[in-house]
Amino acid sequence: MRTVLAPFGFGLAVLLGTAPSALAQSPSDFTSAIRPIMERSCWNCHGEAVQLSSLDLRTREAALTGGDYGTAIVPGRAEESRLYRVVAGLEEPAMPMEGDVLTDVEVAAIRDWINDGAHWDAGTTTAAADAVAALEGDELTGARLAEAREYWAFQLPVQAKIPDISHLDHPLDRFVEHARRDKDLRAAPRADAMTLLRRAYLDLIGLPPTPEQTEAFLADTAPGAWERLIDRLLASPHYGERWGRHWLDVARYADSSGFEHDRDRPNAWRYRDYVIDAFNNDKPYNRFIKEQIAGDELDDASDETRIATGFLRAGPRVLFREKDNPERRHDYLDDMLATIGRGVLGLTVHCARCHDHKFDPIAQKDYYRMQASLFGFIETEYPLLAPAEAEAYRKKNQEIDAKQEALEEEVAAIEAPYRERMLLARLKEQFPEHVQRAVAKPESERTPGEQLLAVQMLSLGVPQKQVDAALTPEDAARLEELSDHIDAFEKARPEKPAMAEIVTDGDYRYAPNGFGDEIVGCPECRIPPDEPGSYRYEGPGPYKTPPSYFLIRGDPFSPGSLMSPGFVKVATYGDPPTVIPRPDGRTSGRRLALAEWLASENNPLPARVIVNRIWHHHFGRGIVVTLDNLGKVGEPPSHPELLDWLAVAFMERGWSIKAMHRLMMTSEAYRMASAYEHPENTERDPENRFLWKYRQQRLEAEIVRDSIMTVSGGIDLTVGGPPVFPYVPEEILASQAHGTWRNEPDGPAVWRRSVYVYRRRSLGFPFFDTFDLPDQNITAAARNVSTVPTQALTLLNNPFVLRHAQLFADRLEREVPGDVEAQVDRAYRIAVTRLPTEKEAAIARELVDSGSLVDFTHVMLNLNEFLYLR
């Protein structure tokens with residue numbers, strides 16, 4: 001929000017986009033030399049939308065007329081012109097008040113321009129309007145569109161003929177072997193059965209197999225044993241925990257809001273559980289996308305699909321009233337578009353916010369059309385009750401609200417004179433006279449600039465303690481009585497039911513905080529008092545989306561034309577609807593149209609993106625390495641025909657992710673050994689791009705923690721529910737003033753799977769951070785993998801690890817008491833799904849004899865083999 005305390009303001013920031021040479025070419029050339037400075041530094045506060053201090057700098061006549069403090073420009077005499085003097089720092093307050101000061105070249109250009117007569121070039125407005133119109137009208141059509149679609153990612157995928165390689169039956173193996181032959185590479189042999197078993201368990205459910213599960217698999221010698229294993233793991237409730245976590249990275253999920261205050265989101269976990277359930281139930285991916293974009297607009301909308309819209313609001317949020325900070329809405333929309341773009345489309349759509357995309361054929365207009373599809377969103381709470389119960393809950397809260405509001409109005413009326421006197425005294429002491437005048441004027445008599453200034457000043461407020469100290473005894477007694485009544489009504493409220501944090505349509509301009517989540521109650525009902533509308537549309541007539549505009553240079557305070565909804569042109573085939581009207585008229589149908597386009601077989605991107613992600617997680621590297629960028633600056637696919645074959649197969653098999661697991665994991669490519677040395681292969685393909693052996697993968701932070709708890713026997717495998725708070729040292733918590741972390745002692749209550757650990761944006765769980773937890777504020781395509789000393793130190797010294805090493809030793813004592821040799825064998829079976837070699841067994845027995853069983857189990861938790869998928 002702008003802070004304008006001066007009698008003469010020129011905006012917050014100076015955007016240095018004009019080259020010094022251009023400014024120096026012709027001091028009298030307003031269009032090329034002066035207008036860019038005005039446009040970027042002055043007109044936000046002294047332009048069409050806002051005119052602080054009654055000053056308009058858009059035309060020569062307005063500048064000569066001046067504002068509250070006289071003329072801004074004296075043509076021919078820069079030294080006497082207030083405009084020049086404040087930007088040159090010759091007169092207080094220097095402008096701009098925040099951000100970078102003007103360069104010496106820019107100040108000299110303004111001086112010379114004024115000395116030359118301060119002429120506005122003829123046709124300036126038309127030239128600027130033409131430039132803006134050209135920018136807004138820029139879109140791909142005809143030959144330009146056809147040329148843009150020559151790039152592989154913008155063509156609809158088509159299945160190529162499967163290569164004819166007679167000794168291989170699996171279609172994936174034929175594609176992979178065909179590429180290997182082109183590079184003269186030799187494939188690794190198949191891995192042994194126990195290695196494959198461990199690989200499948202960690203890959204699909206993120207937990208190592210137990211010795212009993214290992215024995216059962218090895219005992220199944222009938223044909224199809226591997227396929228049956230995959231089906232059992234896909235049917236496990238822990239599959240959704242493992243693969244849902246991958247999607248939560250994409251969705252930038254967290255349990256807190258981020259930024260300075262990082263407030264708790266007490267019901268965010270319901271979206272996390274929705275994702276886990278969706279994977280467990282093999283919800284078709286196209287339906288999964290539709291529910292997350294427009295779950296409230298579906299014909300069969302339900303509590304589940306409304307919870308799914310938490311995807312849109314999962315990003316960071318600032319605790320500000322959005323209607324007083326309209327730029328925030330554009331930041332949230334940018335977050336949504338970045339997540340949809342990178343997560344679903346594999347495109348950096350958000351790079352077109354301020355200008356056409358620099359590399360991909362994405363016009364700025366495409367960005368604002370997609371933004372228009374989302375623009376009417378509000379964030380609110382939704383009671384998870386039957387309709388009749390929700391209505392009763394709503395009515396009871398409305399009755400209490402009405403009673404409290406009447407009392408609160410009386411409180412405000414008693415306090416108002418005290419607050420006004422204190423605020424005016426503060427303004428008189430700290431701020432210039434024109435600020436005081438703006439605040440003192442009735443709202444109806446203020447100019448737009450004065451209104452903005454007054455809002456800023458009044459938002460300063462007066463501390464409640466100062467008001468209380470100034471009260472007369474009579475007023476203090478009455479306020480105490482009123483407070484008691486308000487508290488009594490609050491205690492009479494019905495118990496708050498289970499709530500979901502959802503997104504729906506409404507008018508953010510009338511919401512109590514602009515995106516609604518301070519509201520308690522039913523989103524279909526509450527109309528904020530004394531507001532000219534409802535944040536949740538009530539009718540009569542169909543809902544009308546608030547207007548959204550093309551923003552010049554992405555600036556919320558520089559609106560261009562009104563925008564209608566639409567999509568990325570280069571990825572749009574046919575003529576899909578941009579609005580799907582809803583029968584109840586309560587939402588716009590714009591998000592539903594966007595969702596249908598995103599999940600369409602006629603969109604060339606989403607199926608490619610998701611099968612590439614699945615491939616990445618199974619094989620350690622995507623066919624396109626840049627998972628969230630299939631655009632021109634992304635990596636080209638290593639196996640383009642295979643990628644398109646998979647994308648089509650995925651759609652033909654009902655957009656089933658589990659079907660893709662079966663297809664990929666039953667290939668020989670997946671079952672190759674990772675321990676395979678071949679000097680010629682290494683020389684020809686050192687990065688293993690063409691998959692001549694299985695690629696080892698370091699387990700993610702959560703799976704490392706889960707594996708430690710599993711082998712110790714301490715893990716709680718309860719599925720779903722509110723987050724848990726494993727112990728974090730108090731000195732770490734004390735380093736931050738805000739944010740929630742309800743420290744619980746390290747013990748069984750917090751030894752749940754790591755997907756259920758509370759996600760705080762401002763403070764990642766330290767164990768997870770050590771093992772490369774991604775930034776929880778933005779969509780994360782793939783996790784970074786580092787090897788740093790703190791990882792080894794954590795596994796050696798962390799109290800959590802030490803305690804589970806002890807529990808692991810206790811488990812061995814229970815299961816094979818008194819027999820060190822048997823304990824060593826069982827420890828290897830439990831921790832790394834194999835028997836020790838003779839050398840390993842001898843070293844282990846020596847360690848137990850010279851130290852303790854705990855020393856040995858602690859070493860097992862530090863093995864590289866324990867930390868890697870092999």
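This report describes the nonpolar cores, a strand pair and selected salt bridges of a predicted model.

The largest nonpolar core comprises 170 residues, and those with the most contacts inside it are Trp247, Tyr285, Trp615 and Leu646. Helix H25 (residues 640-652) supplies the largest share of this core, 8 residues. At least three residues come from each of domain 2 (295-384 + 499-599) and domain 4 (799-869). Beyond its neighbours within four places in sequence, tryptophan 615 is in contact with residues including Leu172, Val176, Leu642, Leu646 and Met664. Another core, of 26 residues, lies apart from it and has Ile37, Ala72, Tyr84 and Trp113 among its members.

Strand S2 (residues 499-505) is largely enclosed by the rest of the structure, because 7 of its 7 residues are buried. Strand S1 (residues 377-383) pairs with S2 in the antiparallel sense over 7 bridges, and phenylalanine 377 stands opposite aspartate 505 in S2.

The structure holds 53 salt bridges. Three of them are tabulated here.

| Salt bridge | Closest N to O |
|---|---|
| Arginine 317 with glutamate 379 | 2.7 Å |
| Arginine 493 with aspartate 401 | 2.6 Å |

Arginine 759 lies in the loop between helix H30 (730-733) and helix H31 (766-770) and glutamate 702 in helix H29 (residues 701-712), so the pair ties together parts 57 residues apart in sequence. Arginine 759 is buried at a relative accessible area of 2%, and glutamate 702 is buried at 3%. Salt bridges with shared partners join Arg245, Asp249, Glu702, Arg759 and Arg783 into one network. Both arginine 317 and glutamate 379 are likewise buried. Arginine 493, by contrast, counts as partly exposed at 22% relative accessibility, whereas aspartate 401 is buried at 9%.

Notes. Residues numbered from 1 in each chain as written. Predicted model: local features only at pLDDT ≥ 70, side-chain atom pairs only at ≥ 80, totals over all residues. Heavy atoms only, no water. Core = buried A, V, L, I, M, F, W, Y, C linked by side-chain atoms within 4.5 Å. Buried < 20%, exposed > 50% of the residue type's maximum accessible area, 1.4 Å probe, protein only. Helix = DSSP H or I, 4+ residues; strand = E, 2+ residues; numbered from the N terminus. Domains from an automatic or database assignment. Contact = heavy atoms within 4.5 Å. Pairing = 2+ DSSP bridges. Salt bridge = Lys/Arg side-chain N within 4 Å of Asp/Glu carboxyl O.
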